[in-house]
Amino acid sequence: MTNQPGAPTRTAQPERSAEDSAAPHAPLDRTFAMRFTSTPRGARLARRLAAHRLDGWGIPYDSRRHEAIVLVLAELTANAVRHGRVPGRDFHLALRVVAHGRTVRIEVTDTRAERVPPRPGALRVPGAEDTSGRGLLLVAALASRWGWHPRPDGGPGKTVWAEFGSPVSVSRR
């Protein structure tokens, strides 16, 4: 099918969460989810959109919490591009603020099943001469919890997740 000049093209849209139309007394749970190309540009766009969304949800750009969440998100999306890439397949990012703003959860799903990260308790510290292997140590140091599991929809690949469990001030914006 060819697009006609001036015809609208279909683009990926972020999923809307239930609270977008909820009553004022509803919980302040927020969700942002979107697919991105498995390229450095896709990882960069995911980071920028998530950073903007966190700021809009009341986790401001200049806060340590925002910086830690975005740094971990950047690491997980970069890993999806570098280690989880399958040509022609996207990665999926889900960012959630749940439990009245007390928990922020990042989930990055790729489509490469044969390359999995070590379990959280099995991380090894790389040697001084190693040029990689520090990213998940950073995730472990900044996140309250992290881990991975096979894709929940039964497709090929895995989901790597990280949670930040401290109280968060979330606005109703």
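L54 touches I59, H66, I69, V70 and L95, leaving aside residues up to four places away in sequence; contact means heavy atoms within 4.5 Å. The model is predicted: local features need pLDDT of at least 70, side-chain atom pairs count only at pLDDT 80 or more, and totals for chains, interfaces and linings use all residues. Residues are numbered from 1 along each chain as its sequence is written, and side-chain values use heavy atoms, without hydrogens and water.

L54 is part of helix 1 (residues 40-56). Helices (H or I, at least four residues) and strands (E, at least two) are DSSP runs, numbered from the N terminus. L54 has 0% relative accessibility and so counts as buried, that is, under 20% relative accessible area with a 1.4 Å probe, protein chains only. L54 and H66 lie 12 residues apart in sequence, with 7.1 Å from C-alpha to C-alpha.

One aromatic pair is found: 1 by the rule applied, which requires ring centres of Phe, Tyr or Trp (its six-membered ring) within 6.5 Å and calls planes under 30 degrees apart stacked, over 60 edge-to-face and the rest tilted. F36 and F91 form this stacked pair, at 5.7 Å centre to centre and 25 degrees between the planes. The pair joins distant parts of the chain, 55 residues apart: F36 is in strand 1 (residues 30-36) and F91 in strand 2 (residues 91-98). F36 counts as buried because its relative accessibility is 3%. F91, at 0%, is buried as well.

In helix 3 (residues 135-142), the residues G135, L136 and V139 are buried. The buried residues of helix 3 pack against helix 2 (64-82), strand 4 (145-150) and strand 5 (158-164).

Methods: Buried means under 20% relative accessible area, exposed over 50%, partly exposed in between (1.4 Å probe, protein chains only).
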